[in-house]
Amino acid sequence: MRGTRGYTILEVMIVIGIIGILAGIAIPNFVSWRSKQWLLKGADEIHTLISLARMAAIRENSQVVVRIDPLNRSYSACVDNGPENGTCDAAERVLRAGVLSSTDISLTTNFTDNRLVIDGRGFPSPVASRTVTLTHPTLGTKVVAVTVTGQARVQ
């Protein structure tokens, strides 16, 4: 009989055991990392929305309304250039709208009626600091803060 080729069953079982151990270590870390990325992505989406709204308000010298819907985890921004009533009417242009990707994240705001109105100078109207808080049950919170000058930042 010539030289044997291949692996013995013992060698194959050892490799499968090592792969199983490595997967057992890596998978929980990956799941936690993925959830954290959803939280960071949600905060980034809200930050981008508010920054875009501020830029549009200044560029068009018009009110822009940012609406956060905590119940549906959705958000939108529109140019309030009709009757400036602080709402997005049907004829007004929507700058951006979306829904948070993860169902585990909840939204809360300190806006009146969950609306942030940005005037034509880029300031929140009325002038005051505002926050949007994104909360994940196990990973904590991220806060998107809007300063009195209208600039947004993630904390």
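Which residue forms a salt bridge with Glu60, the closest N and O atoms being 2.2 Å apart? The partner is Arg93. This is a predicted model, in which local features need pLDDT of at least 70, side-chain atom pairs count only at pLDDT 80 or more, and totals for chains, interfaces and linings use all residues. Residues are numbered from 1 along each chain as its sequence is written, and side-chain values use heavy atoms, with hydrogens and water left out.

**Confidence**

- The protein chain has an average pLDDT of 86. The score is the predictor's confidence in each residue, from 0 to 100.
- In the chain, 95% of the residues score at least 70.
- Strand E6 (residues 124-125) has the lowest confidence, with a mean of 86. Strand E9 (residues 152-154) has the highest, at 92.
- Strands (E, at least two residues) and helices (H or I, at least four) are DSSP runs, numbered from the N terminus.

**Salt bridges**

- Five salt bridges occur in the structure. Each one is a side-chain nitrogen of Lys or Arg within 4 Å of a carboxyl oxygen of Asp or Glu.
- Arg59, Glu60 and Arg93 are linked in a network of these bridges.
- Arg93 lies in the loop between strand E2 (74-80) and strand E3 (94-99), while Glu60 lies in helix H1, so the pair ties together parts that are 33 residues apart in sequence.
- Glu60 also meets Arg59 in a salt bridge, at 3.7 Å from N to O.
- Lys41 pairs with Glu45, with the closest N and O atoms 3.3 Å apart. Both sit in helix H1, four residues apart, so about one helical turn separates them.

**Exposure of the partners**

- Buried means under 20% relative accessible area, exposed means over 50%, and partly exposed is in between (1.4 Å probe, protein chains only).
- Arg59 is exposed, at 58%.
- Glu60 is partly exposed, at 29%. Arg93 is partly exposed too, at 40%.
- Lys41 is partly exposed at 38%, whereas Glu45 is buried at 14%.

**A nonpolar surface patch**

- Tyr7, Ile9, Leu10, Val12, Met13, Ile14, Ile16, Ile18 and Leu22 form a nonpolar patch on the surface.
- Together they have about 1000 Å² of accessible area. Such areas come from the Shrake-Rupley method with a 1.4 Å probe; for residues, only the protein chains shown count as cover.
- Patch residues have over 30% relative accessible area and no salt bridge; like charges are joined within 9 Å, nonpolar side chains (Val, Leu, Ile, Met, Phe, Trp, Tyr) within 5 Å.
- Val12 lies in helix H1 (residues 9-60). At 35% relative accessibility, Val12 is partly exposed.
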